[in-house]
Structures are given as structure tokens and as C-alpha cells.
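User: Please take a close look at how two of the chains meet in this model, and begin with a brief account of how a single chain is built.

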4 protein chains.
Amino acid sequence: MKKQGQPADSRERLLTAATVEFAKNGLLGARVDAIAKLAKINKQLIYYHFGDKQGLYLAVLEHVYADIRIKERALHLADSDPETAMARLVGFSFDYVSQNREFVRLLTNENILKARNARRSKLIRRTRSPLVQLIEETLRRGVKAGVFRKGVDPVQLYISMAGLCFFYIANIHTLSVLFERDMQEQAALRERRGHAIGFVLGFLTNTDAKAASSPRLSRRSQCRSG
Amino acid sequence: MKKQGQPADSRERLLTAATVEFAKNGLLGARVDAIAKLAKINKQLIYYHFGDKQGLYLAVLEHVYADIRIKERALHLADSDPETAMARLVGFSFDYVSQNREFVRLLTNENILKARNARRSKLIRRTRSPLVQLIEETLRRGVKAGVFRKGVDPVQLYISMAGLCFFYIANIHTLSVLFERDMQEQAALRERRGHAIGFVLGFLTNTDAKAASSPRLSRRSQCRSG
Amino acid sequence: MKKQGQPADSRERLLTAATVEFAKNGLLGARVDAIAKLAKINKQLIYYHFGDKQGLYLAVLEHVYADIRIKERALHLADSDPETAMARLVGFSFDYVSQNREFVRLLTNENILKARNARRSKLIRRTRSPLVQLIEETLRRGVKAGVFRKGVDPVQLYISMAGLCFFYIANIHTLSVLFERDMQEQAALRERRGHAIGFVLGFLTNTDAKAASSPRLSRRSQCRSG
Amino acid sequence: MKKQGQPADSRERLLTAATVEFAKNGLLGARVDAIAKLAKINKQLIYYHFGDKQGLYLAVLEHVYADIRIKERALHLADSDPETAMARLVGFSFDYVSQNREFVRLLTNENILKARNARRSKLIRRTRSPLVQLIEETLRRGVKAGVFRKGVDPVQLYISMAGLCFFYIANIHTLSVLFERDMQEQAALRERRGHAIGFVLGFLTNTDAKAASSPRLSRRSQCRSG
DNA sequence: AATGAATGAGAGTTCATTCAT
DNA sequence: TATGAATGAACTCTCATTCAT
């Protein structure tokens, strides 16, 4: 358990190795031996430091959550105009997931596990993402300036922005099979990034004065949900 | 004991049980014993019918792909106006993933496996999704009728629509933790469905002579991709 | 069980296939499925015809024993001079094992099983090899003619002749590794055949009048047996 | 329970037990459980130490080869006269196979496997048997002294010597059935040992100016090889 | 005489975890 | 803090054999 103490870089190496292995194979698929070998430490040290496999997994999860929160907090959008600010938000989301594939895999796997571990972690539950607030502020500024449409729910917008970026990266392999194109190549990634940004802005950007997020839509087609 | 019950429907029962188990636990996490017990057949029959665990997994994957393709083909949008048609497309996507969670889990897991199995399957590689074509046609009709913006790439739109729906379902547990709300409840699902449809239509119907899908955007914010 | 009846060539095909498979993999290693597939019959027929795997194995064993006895009986040496007759005996032994590798493997395997099955078979126990008698007669003729040494035990000679030939074929693979030469190639086989014949004749052929089979030998070196 | 008893001699016990089990049942027939039980260790240690069953088999094979090579190197024949030396060589061969039945079974089995493992082992491929050289030297001394015939190939002689001894032991069970006598009893073994020595010496010492190892032999009977 | 489906027993192997030092 | 040896539980898969027809 003893989390602090000496710098003990074996702990660091362990976390790095575990992140890779858990991202690749999930909690269940990951091999304790593989992690130990990758970190070049004795397997038993894992138990010494983290109690058991699940403890290590939780540490990894908390670590990656902490990382993205730090990056998110580093975003300063107040000095940009609303449209640019929103574009940077989407761009950041895309870049983060495309550059941190382990994060994507880890989240994906955690959902397969029904977020059992994330829910258990105080650290994860308490550290709120600053993005929703950023989105909210930017939206307000845009509406005030008359460039964004009104009535958009910031939480739903957050999910949509994430979806536009995350889904592409998370499902990049089946998409590649489906469209017979390697979606990992630079051109494809750039293309997707541009589309995501344009999609969000195209939606938000107002020229008239549309009220709600779902305009001109017959009730019929909207409400046959499951 | 129970030797013959049904001549060959044990194959069917097996597939159903395997779909559930693989969706829940992935290829690696799934237990052959669990599948056998669920299907109420002798474990060894799996090997008789499908060769090995992976063979069964592949059969499940193909089955699930075949199913969604059938449902997609059943969509008849030609007699709806473009906006309604598009709304129905998004609605269908959302409903399918929210009602077929196994499909979502299976795809997710297959991406963790780098689509190794999907790529191997001729059936999956060859059966193209009719959705992209449907989107393309609907887009064209909408542009012609002057209600949709021009220049939208149907493949990117397909991915966006999927992302808006799939991401929510696939990550429903971590989203629930993040927003401290059970995203699986009916109200939340309905809300999300409405937002997704509104998002797509809001984007497409912002038609004030905008040419491309990424309007009025400073180069700077668009191109810092990874 | 039903051994006779219709010609039923599936029984023949079965025996042939089983001979190959048992020779290759032994009783334990042989696969009932493999035999069935090789014989192009339904696996269950094996049980119909032979009761079980062991029954089939026994049938194969009896079959190969019967075959070699037939070939042995076909040898007519009475009209050859003793030396030629003896040479033909050795030649026959070598040729038979080198051309009937399954026989060699089957015997080898049966010895690993401590001849459990051969001992059980009345047919095998009763059908005596005519070779010992042939050797005995030939020896007698040679001694009478003054060309063979006296006092040679025909049973030991039989074993020696067999050993000189059988050992080479049975251990051909490890010998190949040991001497870094493919002992299966024609030249190597011919060489061995010549040596074996020469060895036996060289031993038997008398110019003086040696009495026993172990001449001029210090007691010391002969009797430290285990 | 019994965690540590002996730090690393479990490897030794494992090898001994495995030798017995593999000799008795071959690579395929041997049971990992049986080996573990015999060695009184936990089954999984086998995988820890040797990777898998085949790894253990290979270790056994190498061990057994190493053993006979050591014994062979311990033979000092230079101070014996050629005939005694040769008799000791044959005697050694017989005694070794009759006292090391596992060696015989292991070799036999390895030949059934087409020497796949022996060929793979550098150790086995490289460690040459010193016997051939011993035979060569002894032959030369004997020829020089005028007691041995000329032109005998030492490799063929090696194989013949081995055949005379090894075949008897390897096939002792079917021979017992064939001759209705227990070939394992002391008298039988002694008899065979004597015969083998006498056979080799009888062949070598027939020195009446014969040139090659196959004297006075009609072409006809010699060359109908397969 | 012939077949496809089904089964129970057990094989080799993997793996997280713990012991002793 | 660090390590090599050891372990029990479980998992995938194999295989001879039998059932029902």
C-alpha cells in the first residue's frame, strides 16, 4: 500500500508498464507476468506496492484520469472568441484521444466492467472534468455575442463532442475494415479532426436566431426511442 | 443424460448464449463453460460445431453483423422528406445501439482485438453497410431541396452519426459516474436521442449559403492535429 | 465383432488406415478420428467392426504378423548353397524391414507396451516364424559342407540377424542425427544391407575349424554382464 | 503444503521422475500429473522450470544422452590387446542397454517421433559419441597386429554392435512371446551377451587374408536391396 | 451397414497469488 | 525493497465412446 516514500522509480516503471498492458488487454486479459517483465521488476513487487492486480489497475485508472484532468485544466480559452474557443475544445478532445490511445482503451474496458472500478475510486468520482464548465462558459459567451444558437445543453454538447472524437479512435479498427481504408493514417486523422470541429461549429453557429437544439423537426421522427 | 432434444437447434441456442457471454466478457474473458451452461448443452458440442472458442466467437460476430445489416436494409426512407429521413436515420442508429447492447460490447471488444477477427471474416468484409448510401441519397435530396448544406462528406457524416449514438451507449457507465446520473434511465436515453437527432439536423440545416462542413474557421484552431 | 460376412471393403480400408496410423503414433497416440478420416468411413463403424480402439489395434497387429509369416514361408532356400542361402536370409530380413516400416514401428510400439497385446493374441502366439527352422537347416548344411563354423545357436543367430537389420531401420532417425547423414537414402541403405550380409557370413564362414561362437576370448572381458 | 523442502533439487527429482515416466509411456503417453506425483512436487513447477511437457522431455533426452557419453568416455581400452578391447566394447554396449532400459525406451520413442527433439537439441547434435573413434583405433590396432580382418568400416561396425545388443533389449517382450521364454531372466541375458561378443569377435578374427567385410559372396544375393 | 450428434473423463497449460528469504 | 520457488484453482481443448436413427 505504502504509496509515498522513496522516489522508487520501480513504482513509476510499474505504472507505465501496467498502463500499456491494461490498455492492450483489459483488466482480465492483462498478465501480471507481462507487466512485471515490461517494467523489468520482480513480479512480487506488484503485490508489495499495489496489493493485487486490481489495485494496480485502479492506480493506473486514477493515473490516466488525473492526467487528462491536468491537460484539460491547462486549456485557457477566455481570451479567444467563442467560435475559436469552441473549435479549440473540439480539437483538444480529438488530439487527446488520438494521442492517448491507452486512455481510450482503458475507458472502453472500464465500461465493459460497468465502471465498477471508476465508481469505487474516490479520486475519480471527485475530480470533476473542467470541460463541461468551459463549454458552458463558451456557449454563454457565444450566445451573448449572437454567434451561437440558444438552448443547447452543455452536458449533451460535451457528450457529443466526445462522441465525435472518441468513437472514431475507439472503433478505428472496425471502421477501417468497414470502409476498407486505414483510418489511422495521418490524412484520415486530419480529415476526421476537421470534420468534427466543423460539425460542432456548423451546428452551433447561428445566423438567424434558432431557439432550441432540435429545430424544424416533426415530432414523429424524433420520439420513437427505445 | 438428455441426449437428443432438438436435432440441430443446439447450434442456435449456442449462438445466442455465446452472444450474451462474449458481449459481457469479451473473447478472452468469456468462459466456454458459462456458454455451455447457458445454452444447456454439453460443453464439448461447442468444439464439435465450431472448432474452438475463437470459431464460436467469429460465428457470433458474423451473426451480429448480419443482423444489423438486415435491419438497415429494412429502412425505407425514399418516401420521407429529407429532414424526416435524416432524423429517422439518426433515430434508428440510436435505437439500435440502445436496444442491442451486445452489439455495442461485441464491436468494442473487437476493436480491442484490433478487428483481427472481423478482418478475417469474408462475410463481414463483404457485406457493406447500406447506411452510407442511404445517407448519401438523403443528403443529395436535401441539398437539392435547398434544406441541407452542401459539401458534406457522407462517410464522415456516417461516422458522426454513429459517434453521437454509439459513444453514449458504449461509455454509459463512465458517463454515469462522471455526471453522477444513471444514464441508462428512460429519461436520459430519450434526452440523448433527441439531442443527437437535433444535433445532426441542426448542423445540416444551417444552410445560409455555407459551402463546406467547416465554415468560418480560423486555420489556426483547425489544424493542430496529432 | 462379426469378422466375416460380406467382403465389405470398408473393413479392409479400415485396416490399412489403422496400420498407417498406429505405426505412426502407436496405440496411445493414434487417433480414432484420424483413422476414420483416412479410411473415409464413419468413426462409429470402427466400433461396429472391432469393438473398440484396442480391438482394431489387435487386428492390425495380427494382420502384419500374418503378412510377414506369409512372406517368410515363401522363401525357398533348399536349392541354394548354404552361403547363398544364408545371404538371402539376411537380405530378406533387411529388405522386409526397410520396405515395411509400419511393421517395424508396430513391433517397436508393441514392445513399449510390453507385448501385452501380442501375448494376448492366440493367432500371434501360435504362428511360429519359419525363419528359425530355415536358419537351423541352413546352418546344418553349411557345417556339413565345412563352410560354416560349428556350435552356433540358431535362435541367437536369428536374433542377431534381426538385430543387424531391424535396429538400423528402427533407429534410423537418431542414427541420422548421430552421424549427420540421412540414413534413409538409397546409398546408405544399400551400404547397410551389404554390411549386414557380410557380417553374418564373415562370422559364420569357416576356414579352420573353430568350435564355438566365441573363440579365443579371455573369460574376464566376457562375463561382466548385468 | 510443504512449501520449501529443498531449494532447487526439485529440478533433479523432476528429471528423474520424468525419465521414468517418459521411458514407460513415451512423450505422448506420459502424463504430466504422473511425473509431478512421482517427483512429489507441484505439477505447475514443471512449467516453471521447463516451459512445457516437451521442454521437460527434451531435458530428459539431453540428460540421458549426456549420461551415456560420460560412461563411454570412461572406457579406457588402450592398455588392452585389440581382441579384449573389442570384447569390452561389445560388453559395455550390452551392459549399458540392459541396465539402462529407460535409455532404450527413450531412444525408441524418439525414433517414433522421427528424432524431432534430438535433432533440435544443440547439445545432442554436438556431443559426438566417442565409441566410433574407439572402435576405429581398436580396429587399426587389431589389423596391425594381424588378428583382425581388414577393410571393416567403423561406423557400420558401431551400428552392428549396437544392433546386436540394443535390438535384444528393445524387443525383449515380443522376443519373449516369439520364443516362449522370458528373455529378461539372468541366464537369457548372459547368453545373449556372450553371443554378441562372440559374434563380433568371430567376425573380426576370421582373418585368412580376407579383404573386405563381405567375403566370397555372389553378387546376386547381395544386391536385391529395397 | 452406416451416420451425425452428443457426452464424460481427463489432458496440458495458464495465472494470480503466496512463501521463505 | 527485492527475489526465485512454489501452489491451487481454473480454463481450453482432446478423445474414446455411445445414442438415436
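Analyst: Chain A of this predicted model has 13 helices and zero strands, and the order of its elements from the N terminus on is accordingly written α-α-α-α-α-α-α-α-α-α-α-α-α. Of its 226 residues, 45% count as buried, and among the contacts in chain A that join residues at least 6 apart in sequence, 71% are between residues at least 24 apart.

Turning to the part you asked about, the contact between chain C and chain D draws on 70 residues from chain C and 72 residues from chain D. On the side of chain C that touches chain D, the largest share is supplied by helix 12 (residues 186–204) of chain C, which contributes twelve residues. In composition, that side of chain C divides into 27 nonpolar, 29 polar and 14 charged residues.

As for how the two copies are placed, chain C is superposed on chain D, with an RMSD of 0.3 Å, by a rotation of 180° with 0.0 Å of shift along its axis, which means that the two are related as by a two-fold axis. In chain C, the C-alpha nearest that axis belongs to Phe203(C) and is 1.9 Å from it. Both copies use the same surface for the contact, since 99% of the contact residues of chain C recur in chain D.

Technical notes
Residues numbered from 1 in each chain as written. Chains lettered and ligands numbered in written order. Predicted model: local features only at pLDDT ≥ 70, side-chain atom pairs only at ≥ 80, totals over all residues. Helix = DSSP H or I, 4+ residues; strand = E, 2+ residues; numbered from the N terminus. Buried ≥ 20, exposed ≤ 12 C-beta atoms within 10 Å, placed from the backbone. Contact = placed C-beta atoms within 7 Å. Nonpolar A, V, L, I, M, F, W, Y, C, P; charged D, E, K, R; others polar. Least-squares fit on C-alpha atoms with pLDDT ≥ 70 in both.
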